[in-house]
Amino acid sequence: MGHISIKAYVNAFGTPSEQVCIREDAKEELKAGSVEVRMHQSPLNPSDLIPVYGRYAHRVKLPLVPGYEGVGVVERVGAGVARTVIGKRVLPLRGEGTWQSLVHAPATLAVPVPDSLSDETAAQMYINPVTAYVLLTEKLKISSGGVLVINAANSVMGRILIQLASRMNIRVVGLVRREEVINELIQLGAEKIVAAGEGEEERQLAASLQGKKAEAAMDMVGGEAGAALAGSVKPGKTLVALGLLSGRPLNWAYITETLGVKGAMFHLRHWNASVSDTRFQQVFRTLFHLVESGQLVVPRARHTYPLVQVQQALQDYESGRFSGGGKIMLGRS
């Protein structure tokens, strides 16, 4: 198998479990300045599936290999790259899709992974941790003691936001669907977690905030739940849209015109394009230190499938079988 790359391929837009298939290709030529990484683990993120559904069809070229993050070992280097990196664990980012056994990525953007981090943790250190860190430190700049409201607080992103915010003395009020996760999220650093069913979010948030308003909000659900979140934010402050778990879009006119709340969408690719390679690497070193010092805990994976079983992994993801609190992972075949 050393000369073969196993890939999760998408040839048409649609439901991921129906459109993603496995194929084998010969190793490809490695460009100058690039590394070839044999993947160990790659998470299944909602953002990985957006292009598969065809929501970015105007800028997505088929066929494609999904996957934005993961960890592996450098197996080969292109011209101009020091051979000393061969055998080192890295995150091969911003190159090819990571749902394949061999990934080519720019050497300058391959993030070295400390020995102290497990593959499972390292594989998840990009999409959620970097997004949360950048939003809290660069985009929202919530003052010490300020309140941040979030929904989907029990998701991986929610858990990471809670931990990072609490280290910055930002008070997190979060919404969840199930009461049984409340104590665990409080222990992670949330000030208050509220269980609310669909349609109850606005009332429950208002009660928990006791008439006060938050400095900012991060919405991962969309639809009416996102609008309810916006209603708890001070006029002139910001709601950031990070996801669309409900599948329903936000009513931006209501949020911005009626409520007077600023609306923003965050795309990690836009931040990537704006920062230097040095800054990109520095953010990871900061996050790695937080993990090593116990200040940030990345949730354990819910289940790991061999890459060749990607269709089963996607079926289980779509069914909600492993929903809440941990990623589905694709491992070595």
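I begin with the side chains of Ser17 and Glu318, which are joined by a polar contact of 2.6 Å. Please bear in mind that we are looking at a predicted model, and that every distance I quote is computed from it.

Where does Ser17 sit? Its place is in helix α1, which covers residues 16-19. Is Ser17 buried or exposed? With a relative accessibility of 12%, Ser17 counts as buried, because the cut-off for that class is under 20%. Setting aside residues up to four places away in sequence, Ser17 touches Gln311, Leu314, Gln315 and Glu318.

Ser101 lies in a loop, namely the one between β5 (89-92) and β6 (102-106). Ser101 has a relative accessible area of 13% and is therefore buried as well. Which residues surround Ser101, once its neighbours within four places in sequence are left aside? Ser101 is in contact with Ile4, Ser5 and Ile6, with Val37, Arg38 and Met39, and with Leu307.

I turn now to helix packing. Two packed helices are described by the angle between their axes and by the distance between those axes.

Consider helix α4, residues 127-139, and helix α5, residues 156-167: their axes are 9 Å apart, and the packing angle is about 40°. This angle makes α4 oblique to α5, and the crossing of the two is right-handed. On the α4 side, the contact is made by Ile127, Asn128, Pro129, Thr131, Ala132, Tyr133 and Leu136. The α5 side contributes Val156, Met157, Ile160, Leu161, Leu164 and Ala165. By class, the residues of the contact of α4 with α5 comprise 11 nonpolar, 2 polar and no charged.

The other pair is helix α7, residues 201-209, with helix α8, residues 223-230; their axes come within 8 Å and cross at roughly 25°. That angle makes α7 roughly parallel to α8. Here too, α7 passes α8 in a right-handed crossing. Which residues meet across this pair? From α7 come Glu201, Glu202 and Leu205, and these meet Ala225, Ala228 and Leu229 in α8. The residues of this contact divide into 4 nonpolar, no polar and 2 charged.

Thank you for your attention.

Technical notes
Residues numbered from 1 in each chain as written. Predicted model: local features only at pLDDT ≥ 70, side-chain atom pairs only at ≥ 80, totals over all residues. Heavy atoms only, no water. Axes fitted to C-alpha atoms, helices over the stretch in contact; angles between N-to-C directions. Helix = DSSP H or I, 4+ residues; strand = E, 2+ residues; numbered from the N terminus. Parallel < 35°, antiparallel > 145°, perpendicular 65-115°, else oblique. Left-handed = near helix turned anticlockwise from the far one by under 90°. Contact = heavy atoms within 4.5 Å. Nonpolar A, V, L, I, M, F, W, Y, C, P; charged D, E, K, R; others polar. Buried < 20%, exposed > 50% of the residue type's maximum accessible area, 1.4 Å probe, protein only. Polar contact = N/O pair within 3.5 Å; in protein donor to acceptor, adjacent residues only side chain to side chain.
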